[in-house]
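Good morning, and thank you for coming. Please look at the display as I speak.

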Amino acid sequence: MTEAHEEAARRAGVRVRELRDISEFEQVAALFDAIWKAPPSGVPITVELMAAFAHSGNYVAGAYAGERLMGASVGFLSGPPGTGLHSHVTGAVVGRGVGPALKLHQRAWALARGLEKIVWTYDPLVRRNAHFNIAKLGARPERYLPSFYGRMEDAVNAGDESDRLLAVWRVAAPGSEAGPGPAVPPRDAVTALAERDGRPVRGTMDGRVLLVGTPRDAETLRREHPAVAAAWRRAVRETLGALLDEGAGITGFTAAGAYVVERS
C-alpha cells in the first residue's frame, strides 16, 4: 500500500481491505441501501455480482472502523485489457474522510496490477462530487454522457435523468495521489452558465476559457423543486455537454462551484 493510502485511512480512522465473504457483501448491500434507498430493481449492485467480481479478480473493498462498515467500493477491469479499472460504485458515510481513503486504496490496488487509470461516472450537477473528483483527487472529466443509466428512481436521484461525466484518474502520473485544489480561473474567463436565486442563468458560449456553474444542492432541488432541477439538467447538458462534444476540456473546478472549461 502507498503511504498516501495509509495516511488517508489513518486520518479517517478506518482500515480498508478487500472483501471476500458473502457476509461482507451483505454488509455492503445494506450500507448502499441506507445511502441510496433504491427500489429492488434499481440497487447499485447485488450481493451475487459482488461475489462474482471478487472471485474473478476485480475490486471489491470496504472501509471498517472496528467492526462497522463505513464505506465500500466496487469496480471491474476495463478495456483495453490491462490498462484500467472502472469504478462502478462507491458509497461512504459523509464527513469523516472515508471516501478519500477508499479511492487511494483503489489507486494502490490499480498500481500494484500495472494499471494506468481508474475511470468512473458521476452526476455533473453535484458540486461536492465534482470538487472531490477534480480538485481533491486530480481526475479529469473527459466525456459527457446524457441519460447514461436512464431515469433513476432511488432517493438520491429522485427520478431525474442520469446525465454523467466520465472522470479519468491517471493513477500512474506524477502527483496523482493528490489533486490541485480549487481552480482559480484566468481573468479573461467568461461565464457560460451561472446560478442566480437558485436557478440557472445562461451567459455566453464565446470565449477561450468558460465557467459552467452548478446548483448549490442538486439533491435537495430534485426532491423539493423538481422543475428547477430539470432546468439545471438541461442547462448543464446544453453548455458543458456541448463544450465537451466540440473538443473543449475541463481543467478545474472552482471554490464557487463552477467547471473551468478551456478550448484548445
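Between domain 1 and domain 2, twelve residue pairs are in polar contact, with both residues of each pair at pLDDT 80 or more. That threshold applies here since this is a predicted model. On the side of domain 1 that touches domain 2, two elements give two or more residues: helix 5, covering 127–137, and strand 6, covering 140–145. Of the elements there, helix 5 gives the most, with five residues. Sorted by class, that side of domain 1 has 13 nonpolar residues, eight charged residues and three polar residues.

The domain assignment of the protein chain puts domain 1 at 2–170 and domain 2 at 190–262. Taken over C-alpha atoms, the centres of the two domains are separated by 24 Å.

How many residues of each domain are in contact with the other? The count is 24 residues of domain 1 and 23 residues of domain 2. The area buried between domain 1 and domain 2 comes to about 2,100 Å². Carbon and sulfur atoms give 54% of that area.

How many salt bridges does the rule find across the interface of domain 1 and domain 2? It finds six. As for individual side chains, Arg233 and Asp123 meet in a salt bridge, with an N to O distance of 3.0 Å.

Thank you for your attention.

How values were computed. Residues are numbered from 1 along each chain as its sequence is written. This is a predicted model: local features need pLDDT of at least 70, side-chain atom pairs count only at pLDDT 80 or more; totals for chains, interfaces and linings use all residues. Side-chain values use heavy atoms; hydrogens and water are left out. Domain bounds come from an automatic or database domain assignment. Contact means heavy atoms within 4.5 Å. Buried area is the accessible area (1.4 Å probe) that two parts lose on being put together, summed over both. A salt bridge is a side-chain nitrogen of Lys or Arg within 4 Å of a carboxyl oxygen of Asp or Glu. A polar contact is a pair of N or O atoms within 3.5 Å; within protein, one must be able to donate a hydrogen and the other to accept it, and residues adjacent in sequence count only if both atoms are side-chain atoms. Helices (H or I, at least four residues) and strands (E, at least two) are DSSP runs, numbered from the N terminus. Ala, Val, Leu, Ile, Met, Phe, Trp, Tyr, Cys and Pro count as nonpolar, Asp, Glu, Lys and Arg as charged, and the others, Gly among them, as polar.
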